[in-house]
Amino acid sequence: MKKSPRLTDPNLLEFWRTYAAPGRIGLIHINFVAAKLINWGEKWVTPTGEPSPWTHVFMFTKPRRGMPWIAESDFHVPLPGFLPKPDGPQENPVQKWSSTTIDRAAVVDTGLTHEQFEAAEHAAQHLMSSGYSYRFAELAEAWVAMLKHDLTYVSPLHRDDSMHCGHFLRECLSAAACDPFGPGVLPHNTVPELFAQKFSHIAEWSKPQTAE
């Protein structure tokens with residue numbers, strides 16, 4: 001059977017190629033139901049109380065063959081033409097998040113030095129080989145913590161072998177001595193919206209609205 005072509009937004013891919021750099025952070029919003037639930041859950045930590053525009057967060061690593069690559073923790077996302085990897089920490093080319101299903105993106109600056117980035121990347125590689133999975137139960141735990149206005153909350157849903165995207169990135173930054181959240185936010189309660197608030201935005205991208 002012939003493989004379906006990957007549906008890539010060339011403008012979004014060019015955005016990533018322009019602004020990606022090792023140690024910077026990417027944020028996206030994906031237009032599907034599970035993502036909208038994540039956005040809704042984050043409204044408890046947005047300044048306005050409205051749902052967050054950010055669904056997923058990842059770290060740019062060293063480019064390969066001129067293309068940006070990323071480290072992230074993710075689950076099986078139904079992206080057209082993309083073969084997902086097993087749930088949990090993983091590396092991917094940025095083409096994964098250049099899909100036409102994405103309608104908003106941003107790059108933020110962590111300010112990592114070269115040495116700090118090396119430490120963050122080493123931590124990412126270690127987490128990828130440590131058997132962590134990605135469970136929605138951990139996201140639910142973060143939602144409960146946000147609802148309680150207590151980001152130090154540990155619920156009965158907690159699993160030591162689970163790691164969602166924000167948790168993964170928090171561990172990488174902590175290894176690089178770049179943790180702007182401190183003890184008031186536990187790693188498993190660190191959601192994409194919090195990264196968007198803590199780091200300065202370099203650039204944002206939105207899909208052009210098409211006429212009806």
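Ile-70 touches Phe-58, Met-59, Phe-60, Thr-61, Gln-90, Glu-91, Asn-92, Val-94 and Trp-97, leaving aside residues up to four places away in sequence; contact here means heavy atoms within 4.5 Å. Colleagues, this is a predicted model, in which local features need pLDDT of at least 70 and side-chain atom pairs count only at pLDDT 80 or more, while totals for chains, interfaces and linings use all residues. Residues are numbered from 1 along each chain as its sequence is written, and side-chain values use heavy atoms, with hydrogens and water left out.

I begin with the setting of Ile-70. Ile-70 lies in strand 3, residues 69-74; helices (H or I, at least four residues) and strands (E, at least two) are DSSP runs, numbered from the N terminus. Because its relative accessibility is 0%, Ile-70 counts as buried; buried means under 20% relative accessible area, exposed over 50%, and partly exposed in between, with a 1.4 Å probe and protein chains only.

Opposite Ile-70 stand Phe-60 and, in strand 4, Asn-92.

I turn to the whole chain. The chain has 6 helices and 6 strands, in the order α-β-α-β-β-β-β-α-α-α-α-β. Its radius of gyration is 16 Å, close to the 17 Å that the globule rule gives for 212 residues, so the chain is as compact as a globular protein of that length; the radius is taken over C-alpha atoms, and the rule is 2.2 Å times the number of residues to the power 0.38. Buried residues account for 48% of the 212. Of the contacts between residues at least 6 apart in sequence, 75% join residues at least 24 apart.

Finally, the surface. Trp-40, Trp-44 and Leu-147 make a nonpolar patch of about 320 Å². Patches use residues with over 30% relative accessible area and no salt bridge, joining like charges within 9 Å and nonpolar side chains (Val, Leu, Ile, Met, Phe, Trp, Tyr) within 5 Å; a salt bridge is a side-chain nitrogen of Lys or Arg within 4 Å of a carboxyl oxygen of Asp or Glu. Areas follow the Shrake-Rupley method with a 1.4 Å probe, and for residues only the protein chains shown count as cover. Leu-147 belongs to helix 4, residues 136-147, and counts as partly exposed because its relative accessibility is 48%.

Methods
Pairing = 2+ DSSP bridges.
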